[in-house]
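Biologist: Could you take a close look at one part of this model for me, the helical packing and the backbone around it? Please spell out the cut-offs as you go.

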Amino acid sequence: MSVFRLTAAEKEAVLLPELVELTEHHRAACLPYRRILDAVGAAPPYERVADLPWLPVRLFKTHELRSVPEDQVFRVLTSSGTTGQRPSRVYLDRAAAAAQTRMLAATLREVLGERRLPMLVVDSRSVTRDPTLSARGAGVLGMMTFGRDHTFVLDEQGRVDAEAVKGFLARHRHERFLVFGFTFLVWVHLRALGADLSRGVLVHSGGWKRLADQAVGNAEFRRRLADECGLTRVHNFYGMVEQIGTVFLEGPDGDGLYCPDFADVVIRDPDTWQEAPTGVPGLIEVVSTLPTSYPGHVLLTEDLGVVRGVDDGGLPGKRFEVLGRLSRAEARGCSDTAGDTVGQS
């Protein structure tokens with residue numbers, strides 16, 4: 001069953017009680033989270049999803065936030081982070097890990113179908129052997145569950161393995177296949193192959209900043225891949241390790257990102273913190289019912305975005321665009337107050 005069925009109003013009605021219940025669950029189970037809610041005076045009733053208290057996503061880089069006992073932690077995921085930054089740490093118990101895998105599969109089924117496809121990975125196998133399992137490695141491993149005959153475009157040294165790609169395309173020249181990679185790696189390495197990938201379905205994410213520095217936007221990205229590789233089925237997605245398993249998927253026409261039925265976005269005015277109207281840019285807040293082992297269900301990101309439309313595109317619900325990152329100074333300002341509160345006794 002599709003997880004892109006609910007209109008915006010239907011989703012609001014379904015998500016609000018579930019997110020309220022999660023808020024109270026984490027309040028009881030996570031002391032630092034409870035201190036934050038107490039400090040800001042957050043308490044039910046909440047009339048809308050946009051009324052729920054949010055955490056700055058940066059807090060997961062500086063504090064241990066978990067709602068399960070330490071001996072029940074099944075997996076700890078870390079973000080990639082930039083040089084000199086501490087990575088986020090996300091704590092999953094077995095139930096949360098299983099749920100994120102299941103719902104990621106349900107989301108991607110929208111574009112991949114029910115069967116596992118032969119898979120071309122625009123990366124090196126070495127990223128999957130990282131003992132700390134970075135966001136990049138976790139992303140590759142997570143996507144590999146949807147494919148078979150996994151073939152890596154890059155060798156262990158990060159160089160294009162043209163023979164491996166040639167062999168993959170020979171084996172699967174008459175069938176549809178999955179191509180996955182992070183956006184900048186796709187841009188650099190797929191175009192350089194000079195191969196016919198017209199039977200492929202590309203799923204990609206992340207790395208837009210380096211492309212923006214080269215004045216390459218989404219429209220140009222899609223056009224060049226179609227012209228140079230034959231790739232016309234292209235789906236960007238937006239997600240983060242702090243809400244692992246929740247991805248916001250680009251529609252088939254590249255008209256925006258859509259929210260699955262168990263998640264949504266709120267765009268907040270950075271001056272008033274109120275919800276911004278459709279068409280007005282602001283900070284992206286992501287909400288999801290999946291984070292049950294840590295208080296990551298309502299997160300204010302450090303990304304700017306805008307809702308482009310509501311119930312007016314190829315899929316129901318909000319249709320939004322990510323515009324870019326905040327500057328480092330702005331991002332710090334968003335989280336300073338809450339960060340100080342967490343440390344109080």
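**A close look at helices and backbone**

Modeller: Happy to! Just after H7, Gly194 takes a positive phi of about 65 degrees. Do keep in mind that this is a predicted model, where local features need pLDDT of at least 70 and side-chain atom pairs count only at pLDDT 80 or more, while totals for chains, interfaces and linings use all residues. Residues are numbered from 1 along each chain as its sequence is written, and side-chain values use heavy atoms, leaving out hydrogens and water.

Helices (H or I, at least four residues) and strands (E, at least two) are DSSP runs numbered from the N terminus. H7 covers residues 183-193, and eight of its 11 residues are buried (under 20% relative accessible area; exposed is over 50%, partly exposed in between, with a 1.4 Å probe and protein chains only). Among those buried residues are Phe184, Trp187 and His189.

Now to H1. Its 22 residues reach 30 Å from first C-alpha to last, close to the 32 Å expected at 1.5 Å a residue (the expected span is 1.5 Å times one less than the number of residues). H1 bends by about 30 degrees at Leu15, and Pro17 follows within four residues; the bend is the angle between axes fitted to the seven residues ending there and the seven starting there. Leu15 is also one of the buried residues of H1, which include Leu19, Leu22 and His26. Their cover includes H2 and strands E11, E12 and E13, with contact meaning heavy atoms within 4.5 Å.

H1 (residues 8-29) and H2 (residues 31-40) pack at about 115 degrees, with axes 6 Å apart (axes are lines fitted to C-alpha atoms, for helices over the stretch in contact, and angles run from 0 to 180 degrees between N-to-C directions). That makes H1 roughly perpendicular to H2 (65 to 115 degrees; under 35 is roughly parallel, over 145 roughly antiparallel and the rest oblique). Thr23, His26, Arg27, Ala28 and Ala29 of H1 meet Leu31, Tyr33, Arg34, Leu37 and Asp38 of H2. By class, the contact of H1 with H2 has five nonpolar, two polar and three charged residues (nonpolar: Ala, Val, Leu, Ile, Met, Phe, Trp, Tyr, Cys, Pro; charged: Asp, Glu, Lys, Arg; polar: the others, Gly among them).

The peptide bond from Pro44 to Pro45 is cis, with omega near 10 degrees.
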